[in-house]
Amino acid sequence: RFQQVQSMMYDLMEWRSQLLSGTLPKDELKELKQKVTSKIDYGNKILELDLIVRDEDGNILDPDKTSVISLFHAHEEATNKIIERIKEEMSKDQPDYASYSRMSSSPTHSLYVFVRNFVCRIGEDAELFMSLYDPQKLTVISENYLVRWGSRGFPKEIDMLNNLKVVFTDLGNKDLSRDKIYLVCQIVRVGRMDLKDSNSQKYTQGLRRPFGVAGN
């Protein structure tokens, strides 16, 4: 039973990752939700937990707003589906470890970052490059997220104010097993060669110069 529940949990974790990705078409999203609810109901049955009845979209029926007859038919339908599923599982000669293999080999984790503000006196425009870094192996393990910051203390694209969000995806179990992972921000100043230049005839605009770095 433990192996059976373990396999089901791996399936649910993988499907949850797909649901949170936000990339599925509407029809596939509905189909996947039905698979998730069906798996949950089947797991509750084999663990001898309460049966949850749902509507066609997989939403839990509210007993205060649903008639007794409708609830009875919903219980009948849910029970029949679970019985059919149990028969299918019992007909298998060997346990299915495919979901475990997919879980071990495929990325299932993401990191959500919301940039609220950038406070640093530069005096010119800047480019912020954010990435994930492994300090033990001295290597970057993600692509860069670029934010263009203006000299007045606001994003260059003002419509992006309070909307600077990024999701670092493709993080697998191997990444979670690392000793440390840093979120590193590299700051590149965009403007004069030297901040002390005051004569416009002596400097060139638009030069990219390293300014600083921070990690957490």
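**View 1. G206 in the loop between β6 and β7.** G206 lies in the loop that links β6 (182-191) to β7 (207-215); helices (H or I, at least four residues) and strands (E, at least two) are DSSP runs, numbered from the N terminus. The model is predicted, so that local features need pLDDT of at least 70 and side-chain atom pairs count only at pLDDT 80 or more, whereas totals for chains, interfaces and linings use all residues. Residues are numbered from 1 along each chain as its sequence is written, and side-chain values use heavy atoms, with hydrogens and water left out. G206 counts as partly exposed because its relative accessibility is 47%; buried denotes under 20% relative accessible area, exposed over 50%, and partly exposed the range in between (1.4 Å probe, protein chains only). Apart from its neighbours within four places in sequence, G206 is in contact with V190 and G191, contact being defined as heavy atoms within 4.5 Å. A distance of 8.8 Å separates the C-alpha atoms of G206 and M193, which are 13 residues apart along the chain.

**View 2. Strand β2 and its partners.** Strand β2 (residues 125-134) is mostly covered, with eight of its 10 residues buried. β2 pairs with β6 in the antiparallel sense over nine bridges, where two strands pair if DSSP finds at least two bridges between them. Within this pairing, D125 has V190 of β6 as its bridge partner. β2 also runs antiparallel to strand β4 (residues 145-149), to which five bridges join it; here E127 stands opposite R148. Two bridges connect β2 with strand β3 (residues 139-140), again antiparallel, and T139 in β3 is the bridge partner of D134.

View 3. Most residues other than glycine have a negative phi. Which residue in the turn of the β2-β3 hairpin has a positive phi? It is L138, with a value of about 55°, and the hairpin has four residues between its strands. L138 is exposed, as its relative accessible area is 63%. N162, in the loop between β4 and β5 (164-171), is likewise a residue other than glycine with a positive phi, near 65°. With a relative accessible area of 54%, N162 is exposed.

**View 4. Packing of helices α1 and α2.** Helix α1 (residues 2-21) packs against helix α2 (residues 26-46) at an angle of about 155°, and their axes are 10 Å apart. Axes are lines fitted to C-alpha atoms, for helices over the stretch in contact, and angles run from 0 to 180 degrees between N-to-C directions. The two helices are therefore roughly antiparallel, a term for angles over 145 degrees. Their crossing is left-handed, meaning that the near helix is turned anticlockwise from the far one by less than a right angle. Residues of α1 in this contact include V5, M8, L12 and W15, and those of α2 include L29, L32, V36 and I40. By class, the contact has 11 nonpolar, three polar and four charged residues; Ala, Val, Leu, Ile, Met, Phe, Trp, Tyr, Cys and Pro count as nonpolar, Asp, Glu, Lys and Arg as charged, and the others, Gly among them, as polar.

**View 5. The whole chain as context.** The protein chain has five helices and seven strands, in the order α-α-α-α-β-β-β-β-β-α-β-β from the N terminus. Of its 216 residues, 29% count as buried. Among contacts with a separation of 6 or more, 60% are between residues 24 or more positions apart.

Conventions: Angles under 35 degrees count as roughly parallel, over 145 as roughly antiparallel, 65 to 115 as roughly perpendicular and the rest as oblique.
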